[in-house]
Amino acid sequence: MAKTVIALRETRSLPIPERTAAGAATPLADALGRSLHDLRISVTDRCNFRCTYCMPKEVFDADYAFLPHDQILTFEEITRMARIFHGLGTRKIRLTGGEPLLRRGIERLIGMLREALPDVDLTLTTNGSALKAKAQALKDAGLNRVTVSLDSLDDATFRAMNDADFPVAKVLEAIDAAAEAGLAPVKVNMVVKRGLNDHQVVDMARRFRGTGHIPRFIEFMDVGSTNHWRMDDVIPSAEVVQRISKEFALEPADANYQGEVAERWRYRDGGGEIGVISSVTQAFCSTCTRARLSTDGQLFTCLFAQRGYDLKALVRSGMGDDEISGSVAAIWSLRNDRYSEIRTAETAKARKVEMSFIGG
Ligand code: SAM
């Protein structure tokens, strides 16, 4: 008997579009003046890892009710949505999940997206477990780059954190394979949790110095409601930068584009760069241009949202592209989310959507 699903599936009612944004003269902006530059698409809510801070085993166990197949957007539906978002200003698409490389035929989806949107920056975030085998096919299909998650270089710590007994060495091989296939620069995401893996911060920086890969240190966030988040477990990015700069001199680097999630720092001696993602201690809501499409086609306007808008219902109702575009534009125009700026111990306890469902 399947358990009650923890991921929130109630949707928000759709606003009435005032106009069709396709062909609109002024660029689309939300209520706080932010554009719709990035789209993250979760292609599956399943993962083969059980990272303790993301999909803890005691919740995501054999009884957990993952989405049934007919609720998941098809590749054709995803491509259609991507085209509609592109018409509204989206220029960067990240495929995520769950673990996106578990979605069968993901290379075909990448090929479809590339054909539909030749100019879009197309990236993917993965735990790396299936990346070595797929890297070349992903590149050939049109993927630009990958981000690989790796929380520790210490094998025992990493195996305990992914809770799937997956070894560090295989992820390192996958990172090299991705770079060789041309999916570079490879970004390497490390979620830093006090007392668990923070002793690995400097090692991680050292390991990737001079390789061309970019380690990015992410503050442990209060996404979802199953990961027992506590402020005490967060290592502020300022401390990460301080620890690394004690060993290797760093200087701030300019953002690659407005709204970039990571704050960039480069080694003064030319050894490359690192990034820090400080959603908790230095909220970047004011420049957040990211929309998220969940595996079942809900549009979320914030990573910390409690509910999304059911775009799949529109897509499957036979509605035309212009009408769907108008609905997305109306949703975006109303967007006023700024959760990280107003986070308190109380909001952190709210029942939010799980990251594995909405897409990291
Ligand atoms: N399975 C893929 C992976 O492992 O990269 C993609 C999905 S995962 C949800 C995307 C990213 O979110 C990973 O880098 C993961 O470490 C990060 N993440 C998950 N839960 C988090 C949390 N509570 N705080 C900060 N980052 C988190």
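This is a predicted model: local features need pLDDT of at least 70, side-chain atom pairs count only at pLDDT 80 or more; totals for chains, interfaces and linings use all residues.

How far does a polar side-chain atom of N189 lie from an oxygen atom of the ligand? The distance is 3.3 Å.

A polar side-chain atom of E99 lies 3.0 Å from a nitrogen atom of the ligand. M221 contributes through its backbone: an N or O atom there is placed 2.9 Å from a ligand nitrogen atom. Of the 550 Å² of accessible area that the ligand has on its own, the protein covers 95%.

The shell around the ligand comprises 20 residues, of which Y53, G98, E99, S149 and M221 come nearest. By class, this shell has 10 polar, eight nonpolar and two charged residues. Three strands, β4 (121-126), β6 (187-192) and β7 (214-219), each supply at least two residues of the shell.

Two cavities of 30 Å³ or more are present in the structure. The second largest cavity holds about 30 Å³ of space. Which residues line the second largest cavity? They are R94, T123, R145, V146, T147, P185 and K187. Sorted by class, this lining has three charged, two polar and two nonpolar residues. Strand β5, which spans residues 145-149, gives the most to the lining, with three residues.

Thank you for your attention.

Terms used: Residues are numbered from 1 along each chain as its sequence is written. Side-chain values use heavy atoms; hydrogens and water are left out. On a 1 Å grid over the protein atoms alone, a cavity is a set of points where a 1.4 Å probe fits but cannot get out, and a pocket is an open set with protein on both sides within 12 Å along at least five of seven lines; lining residues have an atom within 4 Å of a point. Grid points are joined across faces, edges and corners, and a volume is the space filled by probe spheres set on the points. Helices (H or I, at least four residues) and strands (E, at least two) are DSSP runs, numbered from the N terminus. Ala, Val, Leu, Ile, Met, Phe, Trp, Tyr, Cys and Pro count as nonpolar, Asp, Glu, Lys and Arg as charged, and the others, Gly among them, as polar. A residue is near a molecule or strand if one of its heavy atoms lies within 4 Å of it. A polar contact is a pair of N or O atoms within 3.5 Å; within protein, one must be able to donate a hydrogen and the other to accept it, and residues adjacent in sequence count only if both atoms are side-chain atoms. Accessible areas come from the Shrake-Rupley method with a 1.4 Å probe; for residues, only the protein chains shown count as cover.
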